[in-house]
Amino acid sequence: MSLIENIIRPEVRALAAYHVPDASGFVKLDAMENPYTLPESLRAELAQRLGDVAMNRYPVPSYAALKEKICSKLGVPEGFDVILGNGSDELISIMSVACAKPGAKVLAPTPGFVMYAMSARFAGMEFVGVPLKPDFALDKPAMLAAIAQHKPAVTYLAYPNNPTGNLFNADDMVEIVRAVGDSGIVVVDEAYQPFAQASFMPRLAEFGNLVVMRTVSKLGLAGIRLGYMSAAKNLLTEFDKVRPPYNVNVLSQAAAEFVLDHVEVLDAQAAALCNERTRLMAELAALPGVEIFPSAANFLLIRIETQKIHADDVFSALLDRKVLIKNVGKMHPLLENCLRVTVSTPEENQVFLDALKASLA
């Protein structure tokens, strides 16, 4: 056996690394980023704040000031705390490590965020995917049957879902939380909450097994890599034991604290993107051979339904026109011939629309 075969777990060898394409020179509409920057006056003030950060010192590992601002500014219920992560990815990893008892399983609807399955496998857990209905709604009977059969330690429900963009039925989600009960946790992933205006965060006190996870990435701070999650105190205590002590760096901490003092700027940007989402959906719906799906996020899922051209060809034609979106057609059978595009500024959205029309011709 080779060195790699001797030392690397077979389930890791079987995986492909998470691929992030080079977007240099492209109109970048593949990663659900907020296209807007802070106003110039705030950027200058932020630069001063970052210049005063003591980068020669480790962060204070409690992150008390930042957590207090997150709780007060972002709707965490009174009496609940948060754990911070280097993006949502690290929070998912923390929960996987904490819950990876022998034989433990992770369950989620599919198609969904790929890191649920990847993180489970990294931790040595089995991942169970339950297909959505053809319209991307939760298949509640199938979910409840899978919960009864597999007794998952962790169940993920993205709200809205990525890559489909839709909000699952809240009553169905509550049934799932109750069905899991004390045998596991249910993580409601609200990465796109700023664009949905719907949340399970206010319901934390109702369910002792509920975790609500969010990120500031989609709100406009993708570059600082900051996620947070809230749950009952006894759960957070256990998760905090496996959190690296200095997992959020001092520059991210200072930037987040500053921007949260001006969160109304980010809220206004989110509102502008919601308006553009409505316009972009209408424009796409008018195109022959394009099916557009409802979205409560800052991206849209479309299906190419023309006999003349396949979604792969449309994707390639858009690349030729220097427009980068996400080809999700091979992620899951339900996504066949589907593409995902980030909602951006009016100017970038128009570039995409013009390029798409030319690619479909």
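Which residues make a nonpolar surface patch of about 540 Å²?

**View 1. Nonpolar surface patch of the predicted model.** Leu3, Ile4, Ile7, Ile8, Val12 and Phe122 make the patch (residues with over 30% relative accessible area and no salt bridge, nonpolar side chains Val, Leu, Ile, Met, Phe, Trp and Tyr being joined within 5 Å and like charges within 9 Å; areas by Shrake-Rupley with a 1.4 Å probe, only the protein chains shown counting as cover for residues; a salt bridge is a Lys or Arg side-chain nitrogen within 4 Å of an Asp or Glu carboxyl oxygen). Helix α1 (residues 3-7) gives the largest share, three residues. Leu3, in this helix, counts as exposed because its relative accessibility is 61% (exposed is over 50%, buried under 20%, partly exposed in between).

**View 2. Open mixed sheet of seven strands.** The strand order is β2-β8-β7-β6-β5-β3-β4 (strands, E, of at least two residues and helices, H or I, of at least four are DSSP runs numbered from the N terminus; pairing needs at least two DSSP bridges). β2 (82-85) and β4 (126-131) are the edge strands, each pairing on one side only. Between neighbouring strands the average turn is 25°, direction ignored.

**View 3. Parallel pair β5 and β6.** Strand β5 (residues 154-158) and strand β6 (residues 185-189) are joined by five bridges. Opposite Leu157 stands Val188 in β6.

**View 4. Helix α7 across β3, β4 and β5.** Helix α7 (residues 140-150) runs at about 170° to β3 (105-110) (axes are lines fitted to C-alpha atoms, for helices over the stretch in contact; angles run from 0 to 180 degrees between N-to-C directions; contact is heavy atoms within 4.5 Å).

**Notes.** Residues are numbered from 1 along each chain as its sequence is written, and side-chain values use heavy atoms, without hydrogens and water. In this predicted model, local features need pLDDT of at least 70 and side-chain atom pairs count only at pLDDT 80 or more, while totals for chains, interfaces and linings use all residues.

Note on methods:
Buried < 20%, exposed > 50% of the residue type's maximum accessible area, 1.4 Å probe, protein only.
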